[in-house]
Amino acid sequence: MAPEKVVVIGATGSQGGAVVKELLKYPECYQLRALTRNPAKPAAQALAKLGVELYCADLTSGPDVLASAFSGADVVFALTDFWQTQSTDDEIAQGKAIADAAAQTPTLKNLIWSALPDPVKLSGGLFLNVHHWKGKSLVTEYIQASKPELWAKTTTILFPNYFENCLTTPDRYLPAKDASGVYTLTFPHSPGTVMPNVAIADTGKLVRTILEGGSQYFEKTIAFYSQSLSEADKLATIGQRYNIPTCYQKSSSSEFQSLLQSRDGLSEEIALDFAEQLMIFEKCGNVYANEAFIQAAEIPGLKLKTWAEFLDECELPLKGLK
């Protein structure tokens, strides 16, 4: 049997990169094509050396260009990029172009759609400014409502908080050492408020499980996380791992928004977006633990990394350690 042709959007990023890395282990099963805006960049060239076909395409190029990129594909792993322009309208346009192109691909057996839930519905209308969730959820609705044949072979993955955030954005996710030597983390959550967490590097494991499962995951939504954890509990584990004193400090949502602007340089709009995203879990609980979603941690045979295992495998960039 010929290998399945898998097109991966975002193959040089964290999600798509993890998919490529995992599927490359099974060359007899999968033939990979990576979409990239710049095939000459080192990350893309590294994929090419591993046997990945590169296809130059931009998500803003429209459905016809993407349909050519998807030509002959059995599977498309698809995601949009809110952060490129920080525009919900732009992200929706990207998603609709992907969906339109996928619907034009006669060979397509499975669209795996990287998504986020509807923040307004899940919060009962409490939070209206989580723009980087809105676009993805609206594209999901677009596929379901206007592309029934495509929806019938679509698997939706809801992505959560990443363990790797503490490596890519340490000032926000790791504690800072104060004058007394205590490592303090400030967040707008009560100490017992949990969020869904996962190692983004495990994305490939989930995608391979979906591909092996076939139609059982069509028209299904998978909540992709390994553990429900509070930031306070994660901080305590860091303290134990590094043998350092820690303190968890709860701020108000507005205080945290101001901190994101002053410390992290976020705009007022994006800081509000980020703060409201966190407050969904404070006010509504772990909205990913919904019986309407397949819980990835409960899928037989799928082993997802825990926070403790993640800490064992990496060295956190904690400032002030001897």
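## Charges, to begin with

In this report, Lys and Arg count as positive and Asp and Glu as negative, while His and the chain ends are left out. With that in mind, the chain carries 28 positive and 36 negative side chains. The centres of these two sets lie 4 Å apart. Please keep in mind that you are looking at a predicted model.

## The chain as a whole

Welcome to the overall picture. The secondary structure is made up of 14 helices and 14 strands.

Of the 322 residues, 52% count as buried. The chain exposes about 14200 Å², and carbon and sulfur atoms supply 51% of that area. Among contacts with a separation of 6 or more, 75% are accounted for by residues 24 or more positions apart.

## Aromatic rings

A pair of aromatic rings is described by the distance of the centres and the angle of the planes. The count for this chain comes to eleven aromatic pairs. One of them joins Tyr173 and Phe187: the ring centres are 6.1 Å apart and the planes stand at 50 degrees, so this pair is tilted. Tyr173 belongs to helix α9 (residues 170-173) and Phe187 to strand β9 (residues 183-187), so the pair ties together parts that are 14 residues apart in sequence. Tyr173 and Phe187 are both buried.

Phe187 also pairs with Phe256, again in a tilted arrangement, with 5.3 Å from centre to centre and 50 degrees between the planes. This pair links distant parts of the chain, since Phe187 sits in strand β9 and Phe256 in helix α12 (residues 253-264), 69 residues apart. Both Phe187 and Phe256 are buried. Elsewhere in the list of rings, Trp133, Tyr225, Phe281 and Tyr288 form one aromatic cluster.

## A look at Cys314

Cys314 is found in the segment after α14 (307-313). Its relative accessibility is 15%, and the cut-off for buried is under 20%, so Cys314 counts as buried.

What does Cys314 contact, leaving aside its neighbours within four places in sequence? The partners are Leu167, Arg241 and Tyr242. As for Leu304, ten residues away along the chain, its C-alpha atom is separated from that of Cys314 by 16 Å.

Conventions. Residues are numbered from 1 along each chain as its sequence is written. This is a predicted model: local features need pLDDT of at least 70, side-chain atom pairs count only at pLDDT 80 or more; totals for chains, interfaces and linings use all residues. Side-chain values use heavy atoms; hydrogens and water are left out. Helices (H or I, at least four residues) and strands (E, at least two) are DSSP runs, numbered from the N terminus. Buried means under 20% relative accessible area, exposed over 50%, partly exposed in between (1.4 Å probe, protein chains only). Contact means heavy atoms within 4.5 Å. Accessible areas come from the Shrake-Rupley method with a 1.4 Å probe; for residues, only the protein chains shown count as cover. The place of a charge is taken as NZ of Lys, CZ of Arg, CG of Asp or CD of Glu. Rings of Phe, Tyr and Trp (its six-membered ring) pair if their centres lie within 6.5 Å; planes under 30 degrees apart count as stacked, over 60 as edge-to-face and the rest as tilted.
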